[in-house]
Amino acid sequence: MIVGDWRPATISEVADVTPTARVLRVTVPDWPGSEPGQHVDVRLTAEDGYQAVRSYSLGSYGDGDAIELAVDEVPEGEVSPYLVRDVQPGDMLEVKGPLGGYFVWRPGGANPVQLIAGGSGIVPLAAMAKARADAGTGVPFRLLYSVRRPETAIYRDELERLAGDGGLDLTWVYTRGGPPGWAGRVGRVDDEVITSAVWPVDRMPDVFVCGPTSFVEHVADALVRLGHPAAKIRTERFGGA
Amino acid sequence: MAVFSRGFGARRRESDERLPPGQYLTEDFPVLSAGPTPRVELDEWRFAIRNENGATKAWTWDELMALPIEEVTTDIHCVTRWSKLGTHWRGVSIDTLFEGIETDAGYAMAHSYGGYTTNVPMEDLLEGKSWVVFEFEGEPLDPEHGGPARLIVPHLYFWKSAKWVRGLTLMEHDAPGFWEQNGYNMHGDPWTEERYW
């Protein structure tokens with residue numbers, strides 16, 4: 001893990017990816033690189049000196065001076081509406097990091113990996129899935145991604161591409177409505193979904209769960225109830241209880 | 001010289017002198033944990049203090065409830081930058097639990113059900129600075145917030161306030177706990193922003 005001081009950074013690209021979320025590509029000179037799953041602190045300074053800081057997961061990983069954040073708007077928020085609605089290429093902010101040495105996947109392990117994302121909880125897990133593809137490792141990955149509707153999925157095309165390449169076993173869960181012609185179920189992740197889409201306990205998967213607090217609580221409780229050892233389940237929660 | 005972000009600041013929050021630097025106020029109670037929420041039955045719950053010589057004193061839930069209970073009103077500050085002001089808790093002072101404990105240790109490691117650990121200097125635990133609490137805002141503490149009982153050390157970042165606490169192991173020398181091994185500061189004072197390594 002590397003932290004370091006605040007580093008000036010420039011927005012290089014913005015892309016609206018869902019009705020409420022945007023992917024920001026940010027250039028950070030002398031960025032030390034990061035591991036898949038890490039996050040950064042982002043500091044914004046108003047012209048009168050007023051400052052606010054928030055943490056965001058990195059959708060990117062590795063070396064180079066370009067990092068990627070995916071920000072979902074918190075309607076009454078102070079920082080996310082600015083990052084989703086107002087910020088433009090050329091604007092500046094500061095970043096500190098990378099941060100976090102626990103919710104991280106490092107190539108080299110032998111156990112299969114199970115990623116479980118709710119909503120914008122996909123961001124650090126997408127970095128892990130990309131890292132797995134880039135590493136060319138044979139470690140089997142599964143991703144269970146719960147979204148309200150298809151259009152609210154972040155990194156949808158990229159994940160479908162990773163799945164199409166054969167390296168990622170991808171299961172969608174739609175809690176409000178599926179894509180046109182969807183014949184599958186609609187509803188939240190339950191025991192049946194977990195039993196069918198998650199690596200079985202005897203494969204001893206390393207499990208990463210990320211999403212809103214209620215989602216992570218619900219999924220982690222179910223995993224433990226279905227026999228997954230708590231010590232094999234890493235969680236990252238965000239948002240108010 | 002800070003870098004300015006064009007057009008930022010229109011939605012700024014009110015400031016408060018009770019907020020340490022870099023923190024923002026929240027009315028929610030965010031949940032941050034590294035793994036699943038442990039579920040601990042009250043009749044199996046124990047809290048133990050082990051001194052540097054290995055002598056151990058332990059309390060059952062009923063024994064904890066028989067101790068003097070204190071009401072605590074305090075501000076809390078998470079390293080992820082949210083703070084809550086004026087939170088209300090009920091619990092037993094660590095001072096009460098240390099009556100009759102013989103120790104010259106300078107540090108304690110808090111241990112939790114679920115395996116979490118965090119290190120705290122003794123001088124940050126004693127003299128009215130920390131409690132084992134079991135009620136939040138008049139209700140039994142939710143499991144996701146550390147129930148049935150958690151440590152609170154409100155003057156340090158909240159990762160020091162171990163959820164699902166089961167005991168303290170006293171140490172002559174400081175040693176890192178869970179988050180301290182994973183990037184967070186050994187002490188964690190919010191007012192001097194002791195956040196990371």
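Colleague: Which domains does the assignment give for chain A?
Modeller: Keep in mind that this is a predicted model, where local features need pLDDT of at least 70, side-chain atom pairs count only at pLDDT 80 or more, and totals for chains, interfaces and linings use all residues. Residues are numbered from 1 along each chain as its sequence is written, chains are lettered from A and ligands numbered from 1 in the order in which they are written, and side-chain values use heavy atoms, with hydrogens and water left out. The bounds come from an automatic or database domain assignment. For chain A that gives domain 1 (7–99) and domain 2 (113–238).

Colleague: How many residues does each of the two domains of chain A put into their contact?
Modeller: The C-alpha centres of domain 1 and domain 2 of chain A lie 24 Å apart. Contact here means heavy atoms within 4.5 Å. On that rule, domain 1 of chain A gives 15 residues and domain 2 of chain A gives 14 residues.

Colleague: What area do domain 1 and domain 2 of chain A bury between them?
Modeller: Buried area is the accessible area (1.4 Å probe) that two parts lose on being put together, summed over both. Carbon and sulfur atoms carry 62% of it for this pair of domains. The total for domain 1 and domain 2 of chain A is about 1100 Å².

Colleague: Which residue forms a salt bridge with Glu68(A)?
Modeller: A salt bridge is a side-chain nitrogen of Lys or Arg within 4 Å of a carboxyl oxygen of Asp or Glu. Across the interface of the two domains of chain A, the rule finds 1 salt bridge. For Glu68(A), the closest N and O atoms are 3.8 Å apart, and the partner is Lys130(A).

Colleague: Which element gives the largest share of the side of domain 1 of chain A that touches domain 2 of chain A?
Modeller: Strands (E, at least two residues) and helices (H or I, at least four) are DSSP runs, numbered from the N terminus. Strand E2 (21–27) and strand E5 (66–72) of chain A are the elements giving two or more residues to that side of domain 1. The largest share, 3 residues, comes from E5(A).

Colleague: What area is buried between chain B and chain A?
Modeller: In this interface, 32 residues of chain B are in contact with 48 residues of chain A. Carbon and sulfur atoms give 54% of the buried area. Between chain B and chain A, that area is about 3400 Å².

Colleague: Which residues of chain B lose the most area to chain A?
Modeller: Chain B averages a pLDDT of 94, and 99% of its residues score at least 70; pLDDT is the predictor's confidence in each residue, from 0 to 100. The residues in question together make up 21% of what the chain B side buries. They are Val3(B), Arg6(B) and Phe8(B).

Colleague: What is the N to O distance in the salt bridge of Asp221(A) and Arg39(B)?
Modeller: Across the interface of chain B and chain A, the rule finds 4 salt bridges. The side chains of Asp221(A) and Arg39(B) meet in a salt bridge, with N to O at 2.5 Å.

Colleague: How many residues apart are Glu35(A) and Arg106(A)?
Modeller: These two form a salt bridge, the closest N and O atoms being 2.8 Å apart. Glu35(A) sits in the loop between E2 and strand E3 (39–45) of chain A, and Arg106(A) in the loop between strand E6 (92–99) and strand E7 (113–118) of chain A. The pair links distant parts of the chain, 71 residues apart.

Colleague: Where is the proline of the cis peptide bond from Gly147(B) to Pro148(B) found?
Modeller: That bond has omega near 15°. Pro148(B) lies in the loop between strand E9 (139–140) and strand E10 (150–152) of chain B.
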